[in-house]
Amino acid sequence: QGIRDTISWGKVERTPGVYDFAAANSGYVGHACAIGMPVLLTLTPRNKTYDGGETVYSSEGRKAFAAFAEAVAGRFPCITALEIGNEINGHALKGRMTAQMPQSYIAIVRAVHDAVKPKHPRIRLLSGSSLSVATGFFDRLFGAGLLPLVDGVVVHPYLSVPEQLPAQLARLRQAMTRHGAEKPVWASEFGYYYATPQAAPPHALKLVTLLSAAGVEEAHWYALRDEPYYPNMGLFK
């Protein structure tokens with residue numbers, strides 16, 4: 001019923017404090033809103049205007065990113081949730097903030113929370129996604145104070161063997177419980193890298209069934225359209 005994608009902060013805010021929402025950088029979200037389609041939006045905290053293009057590490061950079069997130073939330077009423085970073089256990093977080101993990105990432109989420117939630121309480125604020133169900137990585141974020149700031153935890157369960165998923169999600173929830181609060185789990189990407197189009201349907205059926213049975217709140221197939229570097233993953237050619 002909905003889509004999940006992104007808006008580039010750097011393409012919208014090229015001058016500090018000036019937001020240029022245009023058809024080329026965010027028009028699809030406006031179109032989705034016009035037809036009543038809900039949007040899960042991923043926002044990446046990098047912009048060449050702030051902190052040299054690294055993942056923001058200064059208070060000024062975090063404040064600017066949070067202000068951008070609030071501007072996006074205020075402009076597009078069909079946004080249902082904001083995901084703060086994409087596959088943050090990989091190479092998505094860059095620069096000197098990585099030396100201060102996990103506290104530096106928590107500071108980014110807290111800035112967004114404080115800017116967005118008071119004005120837009122209906123929007124779900126989500127953790128950045130992990131590539132795979134990265135319980136060890138999330139356990140450190142939970143211990144640093146992530147859970148009170150978010151409405152959900154996001155994973156990307158790309159599994160060659162879907163039957164492994166229930167145990168992985170159970171361990172993730174156990175980690176949340178150890179840190180005081182179990183939050184909903186979202187899968188903002190799921191699927192696999194298929195050798196042929198015919199391999200996708202049976203694998204997808206298993207994943208959809210297991211995600212549903214495990215109580216995952218929302219899941220988005222990746223990808224909508226086939227891409228040259230990930231063939232046979234798209235719902236459309």
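Buried means under 20% relative accessible area, exposed means over 50%, and partly exposed lies in between, with a 1.4 Å probe and protein chains only. This is a predicted model, in which local features need pLDDT of at least 70, side-chain atom pairs count only at pLDDT 80 or more, and totals for chains, interfaces and linings use all residues. Residues are numbered from 1 along each chain as its sequence is written, and side-chain values use heavy atoms, without hydrogens and water.

**Exercise 1.** Classify Ser132: buried, partly exposed or exposed?

Solution. 
- Locate Ser132. The residue sits in the loop between β7 (130-131) and α5 (135-143). Helices (H or I, at least four residues) and strands (E, at least two) are DSSP runs, numbered from the N terminus.
- Read the backbone. Phi of Ser132 is near 80°, positive in a residue other than glycine.
- Apply the cut-offs. Ser132 has a relative accessible area of 34%, so it is partly exposed.

**Exercise 2.** Is Asn232 buried or exposed?

Solution. 
- Check phi. Asn232 is not a glycine, yet its phi is positive, about 70°.
- Compare with the cut-off. Relative accessibility is 19%, so Asn232 counts as buried.

**Exercise 3.** What is the omega of the peptide bond from Met101 to Pro102?

Solution. 
- Take the bond. Omega is near 5°, and the bond from Met101 to Pro102 is cis.
- The loop between β5 (79-84) and α4 (103-116) holds it.

**Exercise 4.** Where is Ala223 found?

Solution. 
- Ala223 belongs to the segment after β10 (218-221).
- Then check its bond. From Tyr222 to Ala223 the peptide bond is cis, with omega near 15°.
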